[in-house]
Amino acid sequence: MARGSYISENLTQSQLDLMLLLDEYEMDIFSLEDVKGLVPDQKEDINEIIENLVHKKVFSRIERGKYCRANFRDEKVIGSFLVPDGAIAYWSALNLHGLTEQFPNTVFVKTTKIKKDKKIFGVAYKFVTIAERKRDGVKKEGYGNHRYAITDVEKTLVDCFDLPKYSGGYAELIRAFSEAKLSSKKMIRYCGAINNIAAIKRMGFLAQLFDKPGMKTFVGYALQQVKEAYNPFDPKGPDSGEYARDWRLRVNISREELIGIANKIY
């Protein structure tokens, strides 16, 4: 007997009706409230029907009130679904944008909400709480019920320089910055939101060093943000290297090394 026939024979009519309804709306991931919205006049307990289908391993519980089909495991969609304004970001977004070959073993999700990190279906999710002003630069990818939010290329890089501990390593971040096609207009807007002068100086310095196309306006903006205080280029690097006076940076990774990193010379 085919598995589909076996499942059908072991479902009540209410359970089968719910599955057919989700098929009609092409929903693989959903909340209890989503389903209640589809059947507002349903007299039976929708929660009980769903929980019985979880028990029969037709559905999987993601967390309380959130479910997916048993074979649905798209980490991007699940991560974005876990919080109302969640967006795939930082190292995870770098990887999805093709800016790093390193694959993170954690899915990074940015959100204005406070949510504890958790592991779902064996995958670790890290929730980074941000201020509302840093919510900019999010776009949607995917189709239908499989859509998910992700930071765009410029916002991903700005976020990573703002919080490099979530970027997968400074060398990977430098390499990603060198390879990315960037918009000065977006970079200026996003940098204004993070209000992190040291991070802005580092990005401006790299844009100038790599002579990135279309970034002269951004370089000019970044130079205008420079204050008297010096910062190390690599915040975790050695207390050594040249002083770049224009940028007020201690270049503790030499310019030659930075160019080598950008060209993938190890």
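1. This predicted model contains an open sheet of 3 strands, ordered β1-β3-β2 and paired antiparallel. Its edge strands are β1 (29-31) and β2 (59-63), each of which pairs on one side only. On average, neighbouring strands of the sheet are turned by 30° against each other, direction ignored.

2. The pairing of β1 with β3 can be followed residue by residue. Strand β3 covers residues 66-69 and is joined to β1 by 3 bridges, the two strands running antiparallel. Phe30 has Tyr67 as its bridge partner in β3.

3. Which helix lies across β1, β2 and β3? That is α4, residues 46-55, and α4 runs at about 110° to β2.

4. The largest nonpolar core has 46 residues. Those with the most contacts inside this core are Ile174, Phe177, Met203, Phe205, Leu206, Phe218 and Phe233. At least two core residues come from each of α6 (90-96), α7 (153-162), α8 (170-179), α9 (184-194), α10 (197-209), α11 (216-224), β12 (249-251) and α12 (255-262). The most is given by α10, with 6 residues. As background, nonpolar side chains in soluble globular proteins tend to be buried together.

5. Phe233 deserves a separate entry. Leaving aside residues up to four places away in sequence, Phe233 touches Tyr170, Ile174, Arg202, Phe205, Leu206, Leu249, Arg250, Val251, Asn252, Ile253 and Leu258. Among these contacts, Ile174, Phe205 and Leu206 are also listed with Phe233 among the residues with the most contacts inside the core.

6. Most residues other than glycine have a negative phi. Glu26 is not a glycine, yet its phi is positive, about 50°. Where does Glu26 lie? Its place is the loop between α2 (13-24) and β1. Glu26 is exposed, because its relative accessible area of 62% is over the 50% cut-off.

7. Asn195 is the other entry: this residue, not a glycine, has a positive phi of about 55°. Asn195 sits in the loop between α9 and α10. Is Asn195 buried or exposed? With a relative accessible area of 58%, Asn195 is exposed.

Conventions
Residues numbered from 1 in each chain as written. Predicted model: local features only at pLDDT ≥ 70, side-chain atom pairs only at ≥ 80, totals over all residues. Heavy atoms only, no water. Core = buried A, V, L, I, M, F, W, Y, C linked by side-chain atoms within 4.5 Å. Buried < 20%, exposed > 50% of the residue type's maximum accessible area, 1.4 Å probe, protein only. Helix = DSSP H or I, 4+ residues; strand = E, 2+ residues; numbered from the N terminus. Contact = heavy atoms within 4.5 Å. Pairing = 2+ DSSP bridges. Axes fitted to C-alpha atoms, helices over the stretch in contact; angles between N-to-C directions.
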